[in-house]
Amino acid sequence: LQAQSGEGGGLTWAAAGISSTIENFTRTASAGAGTQSLTGAGFTPKAAFFIAGDGGAAASWGFIDDANNRRNMYHNAQNGSMTTTIFSLSGSEIMNVRNNTSGSNQMYAQGSLTSNGVDIVWSKSGNGVDVVGFVMYLG
């Protein structure tokens, strides 16, 4: 197993013919809905795993593969805290970052793998939330 410096401030790992790269990303609530292209894989990925959150109590873990299978699990930050714990599963999105402090504020995403990363198609509900995250590509 060997680590090498990758694009986007990430690391590239190679072992037994498996390639992987980790890339960080952000999406602001003010940017809202739309497509965000991440292109730091350095190879054509067969799968991508996502970890994202709002910097507080909201978090999401998800994946997509080259057969377009998508799943995610998320923690809904009810009233902006971890005291009301709501974990949910979704079979159609790669991420869902929710903070229901005042109404339903969320950023959620579909996606598709590309030749060098992933296109994230964001949707926004309510005021949205600022999202920070990491994607790990496997190829």
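Predicted model: local features only at pLDDT ≥ 70, side-chain atom pairs only at ≥ 80, totals over all residues.
Biologist: Which elements does the protein have, and how many?

Modeller: Elements are DSSP runs numbered from the N terminus: helices are H or I with at least four residues, strands are E with at least two. Here you get zero helices and 12 strands. As for burial, 42% of the 139 residues are buried.

Biologist: Back to the ring. How many aromatic pairs does the structure hold?

Modeller: Rings of Phe, Tyr and Trp (its six-membered ring) pair if their centres lie within 6.5 Å; planes under 30 degrees apart are stacked, over 60 edge-to-face, and the rest tilted. The structure holds one such pair. Its rings belong to phenylalanine 49 and phenylalanine 63, with centres 6.1 Å apart and planes at 45°, so the pair is tilted. It links distant parts of the chain, since phenylalanine 49 sits in strand S5 (residues 47–53) and phenylalanine 63 in strand S6 (residues 59–65), 14 residues apart. Phenylalanine 49 is partly exposed too, at 38%.

Biologist: Which residues make the nonpolar surface patch?

Modeller: Patches take residues with over 30% relative accessible area and no salt bridge; like charges are joined within 9 Å, nonpolar side chains (Val, Leu, Ile, Met, Phe, Trp, Tyr) within 5 Å. A salt bridge is a side-chain nitrogen of Lys or Arg within 4 Å of a carboxyl oxygen of Asp or Glu. The areas come from the Shrake-Rupley method with a 1.4 Å probe, and for residues only the protein chains shown count as cover. Ile22, Phe49, Phe63, Phe134 and Met136 make a patch of about 400 Å². Phenylalanine 134, in strand S12 (residues 131–138), is partly exposed at 46%.

Biologist: Which residues lie on the covered face of S12, and which on the uncovered one?

Modeller: In a regular strand the side chains alternate between the two faces of the sheet. For S12, Val131, Gly133, Val135 and Tyr137 form the covered face, with Val132, Phe134, Met136 and Leu138 on the uncovered one.

Biologist: How many bridges join strand S3 to S12?

Modeller: Two strands pair if DSSP finds at least two bridges between them. Eight bridges join S3 (residues 18–27) to S12, and the two run antiparallel; threonine 26 has valine 132 as its bridge partner there. S5 also pairs with S12, antiparallel over seven bridges, with alanine 48 opposite tyrosine 137.

Biologist: Where is asparagine 105, and is it buried or exposed?

Modeller: Asparagine 105 is in strand S10 (residues 105–114) and, at 8% relative accessibility, it counts as buried. A polar atom of its side chain lies 2.8 Å from the backbone nitrogen of asparagine 127.

Biologist: Which asparagine has a positive phi?

Modeller: Asparagine 68, at about 65°, although it is not a glycine. Asparagine 68 lies in the loop between S6 and strand S7 (70–78) and is partly exposed at 39%.

Conventions: Residues numbered from 1 in each chain as written. Heavy atoms only, no water. Buried < 20%, exposed > 50% of the residue type's maximum accessible area, 1.4 Å probe, protein only. Polar contact = N/O pair within 3.5 Å; in protein donor to acceptor, adjacent residues only side chain to side chain.
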